[in-house]
There are 4 protein chains.
Amino acid sequence: MTLPSRLTGVVPPVCTPLTPDYEVDTASLIRLVDHLVEGGSDGLFILGSTSEVAYLPDRQRRTVIDTVVGHVAGQLPVLAGVIDMTTLRVVEHARTALAGGVDALVVTAPFYTRTHPAEVARHFREVAARTGAPVFAYDQPVSVPLKLPSSLITELAGEGVLAGLKDSSGDEGSFRAVVLAARELSGFSVLTGSELTVDSALAMGADGVVPGLGNVDPAGYVRLYRAARAGDWEEAREEQERLLALFRMIHAGDPGRMGMSSSALGAFKAALHLRGIIDCPVTAVPQIPLSGSEVEYVGKHLAAAGLL
Amino acid sequence: MTLPSRLTGVVPPVCTPLTPDYEVDTASLIRLVDHLVEGGSDGLFILGSTSEVAYLPDRQRRTVIDTVVGHVAGQLPVLAGVIDMTTLRVVEHARTALAGGVDALVVTAPFYTRTHPAEVARHFREVAARTGAPVFAYDQPVSVPLKLPSSLITELAGEGVLAGLKDSSGDEGSFRAVVLAARELSGFSVLTGSELTVDSALAMGADGVVPGLGNVDPAGYVRLYRAARAGDWEEAREEQERLLALFRMIHAGDPGRMGMSSSALGAFKAALHLRGIIDCPVTAVPQIPLSGSEVEYVGKHLAAAGLL
Amino acid sequence: MTLPSRLTGVVPPVCTPLTPDYEVDTASLIRLVDHLVEGGSDGLFILGSTSEVAYLPDRQRRTVIDTVVGHVAGQLPVLAGVIDMTTLRVVEHARTALAGGVDALVVTAPFYTRTHPAEVARHFREVAARTGAPVFAYDQPVSVPLKLPSSLITELAGEGVLAGLKDSSGDEGSFRAVVLAARELSGFSVLTGSELTVDSALAMGADGVVPGLGNVDPAGYVRLYRAARAGDWEEAREEQERLLALFRMIHAGDPGRMGMSSSALGAFKAALHLRGIIDCPVTAVPQIPLSGSEVEYVGKHLAAAGLL
Amino acid sequence: MTLPSRLTGVVPPVCTPLTPDYEVDTASLIRLVDHLVEGGSDGLFILGSTSEVAYLPDRQRRTVIDTVVGHVAGQLPVLAGVIDMTTLRVVEHARTALAGGVDALVVTAPFYTRTHPAEVARHFREVAARTGAPVFAYDQPVSVPLKLPSSLITELAGEGVLAGLKDSSGDEGSFRAVVLAARELSGFSVLTGSELTVDSALAMGADGVVPGLGNVDPAGYVRLYRAARAGDWEEAREEQERLLALFRMIHAGDPGRMGMSSSALGAFKAALHLRGIIDCPVTAVPQIPLSGSEVEYVGKHLAAAGLL
């Protein structure tokens with residue numbers, strides 16, 4: 001599969017199912033991929049934040065790549081997060097991912113270290129030059145210290161350094177500026193990670209969506225995408241509102257007892273487990289597991305959405 | 001060398017000299033280690049933030065460990081940062097570092113992911129249990145999303161999970177609470193990374209200091225430490241004030257052109273180069289190099305401190 | 001004018017024109033109000049952030065209220081920001097504003113002090129109880145330390161404490177949750193302050209918009225609003241995109257020389273001056289004035305939008 | 001009382017006792033002032049953060065000024081916080097305070113609005129020029145969006161704009177830079193608000209301390225100050241450690257139920273009430289009151305410190 005010059009549609013960030021002893025559960029991962037492909041996904045994004053990439057040792061990241069790329073076998077494009085602190089570490093991950101057959105790389109700004117737009121620009125340029133692969137910028141200011149300025153994204157896109165944007169910034173004004181600029185660019189795809197405003201993003205002209213909740217209900221996001229593409233904004237809105245209600249599952253975990261990552265990723269995995277797609281709902285160490293009643297809260301949201 | 005039950009004195013975080021093509025310059029690294037040991041250091045901290053650990057691929061991290069541990073050969077304890085996003089990734093680095101012969105591990109809270117004190121506690125407990133090695137907590141809120149609460153540090157110290165604290169939080173009230181609690185603990189060392197208030201920290205009862213600026217002037221920090229230990233607070237203060245003036249070199253870089261990391265680490269390396277200790281002042285990609293006039297600014301600070 | 005039970009449409013936050021010696025220029029303010037009313041505005045929001053409320057002494061705030069309420073004379077509703085640090089100070093402003101004849105109050109969370117959702121809830125309840133007036137929550141996390149949780153807003157709306165929301169949080173997921181909840185509420189209006197995504201907000205079901213840029217081009221926002229209400233999303237999008245290009249004027253000021261407030265408010269006032277609506281473009285002390293070339297940058301944006 | 005050219009010693013930020021219906025309790029305030037003066041205070045700081053200035057309407061601020069200035073009657077200098085969002089609002093408060101007879105003004109950077117160092121400089125210059133009074137910069141980054149750069153403070157001090165610094169930034173390196181620069185300045189006083197590191201600050205060369213906890217135990221801070229001035233650093237350290245233990249009372253309040261301000265100010269007022277100095281421990285609206293068991297927690301700390 002070569003990456004299309006404009007990647008469109010629903011590209012879920014694939015959860016990474018784990019065994020009770022925290023190894024990658026490849027059988028469950030394959031079932032999850034099937035679930036996403038059968039749901040109508042247009043691509044897959046592995047090793048992103050929703051995939052718990054920050055928690056996976058390199059060996060496990062390779063297992064995810066090999067399992068997904070091998071199973072998908074070119075049916076649809078696979079993007080891989082190559083998430084690490086700075087340039088040369090990212091390049092190492094990129095080489096592994098490209099050797100494993102992924103179609104594009106997803107790269108954040110540097111983190112852990114304090115950074116600057118000029119350093120971020122150099123980072124993306126070096127990653128692109130050293131790998132020769134399509135690079136999507138991953139705008140993720142909850143994880144890294146810097147919101148990517150829209151002007152920087154479009155500048156790098158214009159240079160051919162970036163092949164796309166995966167925007168999880170929540171800054172819709174900045175996102176929209178990139179969407180508008182992208183109309184003049186070829187070979188640049190604009191994807192939103194804001195799963196509660198997909199109808200808005202598509203109405204603006206975004207190419208596609210990378211919804212974490214798409215693990216749980218890929219068909220819902222595909223219906224939403226197709227309604228929007230058909231110009232049926234009323235149906236798109238209704239589907240989005242249904243998904244917004246479903247999304248509330250992420251508040252399952254008690255915030256006095258765990259962080260938002262444990263709660264949200266725990267909820268997605270609990271939902272996949274309740275739906276029979278993965279064998280074990282465990283999240284990676286050191287996240288805190290959901291309690292029985294917290295899992296029930298997830299179940300109620302599934303039931304209300306007609307997914308149980 | 002076994003780690004002493006209380007690590008005291010000056011423990012510089014060792015810069016990582018690089019070649020012009022961004023490989024570890026082992027000859028320069030060995031000269032830097034000699035410079036630090038001859039300056040009177042009581043231990044070495046490799047692969048911390050000052051070492052540009054965030055920029056070094058695993059292969060380069062191993063080179064640093066092998067070079068420093070091999071050269072030091074047990075003369076003084078070597079602590080190694082095992083800096084990564086979450087538990088299992090940290091444990092991988094820890095195994096490499098321990099196999100390489102380091103005496104203790106330095107571990108931050110999880111980063112990239114949003115976290116919670118309960119998750120941080122689980123993180124430190126798991127790292128300690130899975131490695132069996134002495135673990136220093138690295139309190140570094142400019143790099144990770146969470147200041148380590150003093151109550152959490154002392155709780156983990158009391159459990160035997162932590163062997164020490166390397167505090168770069170700048171929160172002196174919290175630091176002092178740990179210093180006081182540490183009087184009741186055995187096998188727990190409290191080190192400050194706040195290089196401008198070392199006399200204060202020692203007067204409070206801190207065990208030692210991990211000063212980035214100690215790369216440039218280890219003997220200055222050793223004089224400061226010894227004066228404080230001798231109760232000569234006036235001399236300690238004067239030495240500290242001299243070092244505070246020298247520290248201003250970190251503002252060499254134009255903030256419109258680069259981030260604080262490029263400027264400060266660039267200044268330390270420029271100073272080491274000007275002093276003839278390392279061959280090349282380059283900082284890792286994607287940091288921005290200092291200009292000629294910015295290097296001159298560093299040189300003036302060295303000259304004023306009598307170090308040229 | 002009584003506030004309608006659901007306030008809809010375009011409600012510009014009215015700039016406060018000043019004289020060269022920093023007094024309220026009431027003649028210019030009246031011309032600006034006329035410009036906004038003639039442009040088709042459905043209400044006016046005075047003494048908000050765009051009005052430089054933070055810069056106006058109480059005396060000047062009263063002048064603004066008297067001037068605008070007196071001139072509008074009940075033609076359309078006037079909302080007034082009663083912006084201060086905590087409850088009793090807000091209540092003082094509220095009494096003045098209500099005595100001056102405004103139709104509703106706009107209230108932020110407490111600021112300067114560190115706060116908590118329980119304190120924010122108590123704050124809104126006390127302001128509503130002590131004034132008996134319609135209270136709009138002003139969600140403005142760039143100015144106050146806390147994003148208002150959507151669950152708190154809807155809880156207070158359900159209690160009758162809040163009559164509406166003016167959302168400048170930029171958190172569209174949270175905003176949408178309030179929009180959905182508001183369908184079950186009577187007497188609660190949801191207004192967005194995110195002026196670059198008005199078509200999106202209206203498509204979600206928002207009642208209206210409070211656009212700072214509406215000072216410069218109220219008719220544009222009115223066209224956008226009417227197109228959206230007519231279900232002509234294509235025209236709404238095109239109008240929004242034109243306004244997005246115009247909005248770039250806010251980057252007129254050199255960020256090395258001034259803050260974002262000086263730049264954006266300076267640009268709006270420069271535009272109003274260039275358009276002949278106000279006599280003097282000065283912003284309040286201690287903001288930094290735009291230079292001649294920075295004003296030219298504003299002028300080019302006006303010209304490109306056909307507004308000169 | 002004229003402000004001495006260098007203000008030294010212990011200058012407590014005076015709590016504002018309230019009646020059960022949230023009016024200033026002037027009888028209790030006078031008793032508190034007596035308690036502070038008898039404890040050996042060298043000056044008083046009214047209307048700062050510890051005084052709940054953010055919560056007091058202008059009328060109540062005037063009552064505090066009149067009560068304290070009238071009662072003190074020139075025995076010791078009285079500094080007043082003139083805390084508001086921007087320049088002209090601050091100047092209004094300043095005129096009231098100066099008319100009421102205070103000896104100096106304490107001024108923060110602008111807040112609510114986004115600001116910039118150039119605007120902060122203009123702010124301080126304008127406040128000083130428009131009032132003609134001694135101005136202390138109040139560095140309070142938990143309340144305002146910007147840490148005052150040490151270089152800006154010393155620049156304004158050198159110009160004669162600033163008469164001193166009240167540093168609550170917790171950034172001891174920056175504080176120390178000001179202390180060193182102040183040696184070359186006349187008529188500039190450096191006060192720390194970091195009540196847990198007063199011995200450190202005095203050892204560095206600070207002139208004095210503004211300790212919130214000094215409301216509860218002024219004599220303790222006076223002993224600490226005098227020991228430090230006498231060069232008895234061991235006694236100073238012991239007194240500081242006793243006060244550090246006492247300070248833990250600020251954690252009385254349940255963080256799930258209230259913010260840090262409610263907890264800390266509630267604890268100080270509960271302690272003053274338990275010690276019989278003020279009649280009612282209530283904090284201003286919308287803070288959350290301490291529960292009975294939370295007040296007991298405060299009482300235990302008082303008892304342990306020998307203050308009950």
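How much area is buried between chain A and chain B, and what percentage of that area do carbon and sulfur atoms give? That is where I would like to begin, and please keep in mind throughout that what we are looking at is a predicted model.

The area buried between chain A and chain B is about 4,100 Å², and carbon and sulfur atoms give 57% of that area. For those of you who are new to this, the size of an interface is often given as the accessible area lost when the parts come together. If we ask who supplies it on the side of chain A, then R89(A), Y112(A) and R122(A) supply 20% of the area that chain A buries against chain B, which is more than any other three residues do. In terms of residues, the contact takes 49 from chain A and 50 from chain B.

Let me turn to the polar side of this interface. The rule finds four salt bridges across the interface of chain A and chain B, and one of them is formed by D58(A) with R89(B), where the closest N and O atoms are 2.8 Å apart. There are also 28 residue pairs in polar contact across this interface. As for the helices, α2 (58–72), α3 (87–99), α4 (117–131) and α10 (260–274) of chain A each supply at least two residues of the side that touches chain B, and the largest share, six residues, comes from α4(A). Sorted by class, that side of chain A has 21 nonpolar, 17 polar and 11 charged residues.

Now, how are these chains related? Two copies of a chain are related by a rotation about an axis and a shift along it. Here, a rotation of 180 degrees with 0.0 Å of shift along its axis superposes chain A on chain B, with an RMSD of 0.0 Å, and that is the relation of a two-fold axis. Of the residues of chain A, it is Y112(A) that comes closest to the rotation axis, at 3.9 Å for its C-alpha. Moreover, 100% of the interface residues of chain A are also interface residues in chain B, so the copies meet through the same surface.

Chain A also touches chain C. That contact takes 19 residues from chain A and 19 residues from chain C, and the area buried between them is about 1,500 Å², with 56% given by carbon and sulfur atoms. Across this interface the rule finds four salt bridges, among them the one between R183(A) and E241(C), whose closest N and O atoms are 2.6 Å apart. Six residue pairs are in polar contact across the interface of chain A and chain C. The elements that give two or more residues to this side of chain A are α6 (172–182), α7 (198–204) and α9 (233–247) of chain A, and by class the side has seven nonpolar, five polar and seven charged residues.

Four bridges join β5 (residues 135–139) to β6 (residues 164–167) of chain D, and D139(D) stands opposite D167(D) in β6(D).

Terms used. Residues are numbered from 1 along each chain as its sequence is written. Chains are lettered from A and ligands numbered from 1 in the order in which they are written. This is a predicted model: local features need pLDDT of at least 70, side-chain atom pairs count only at pLDDT 80 or more; totals for chains, interfaces and linings use all residues. Side-chain values use heavy atoms; hydrogens and water are left out. Contact means heavy atoms within 4.5 Å. Buried area is the accessible area (1.4 Å probe) that two parts lose on being put together, summed over both. A salt bridge is a side-chain nitrogen of Lys or Arg within 4 Å of a carboxyl oxygen of Asp or Glu. A polar contact is a pair of N or O atoms within 3.5 Å; within protein, one must be able to donate a hydrogen and the other to accept it, and residues adjacent in sequence count only if both atoms are side-chain atoms. Ala, Val, Leu, Ile, Met, Phe, Trp, Tyr, Cys and Pro count as nonpolar, Asp, Glu, Lys and Arg as charged, and the others, Gly among them, as polar. Copies are superposed by least squares on the C-alpha atoms of residues with pLDDT of at least 70 in both. Two strands pair if DSSP finds at least two bridges between them.
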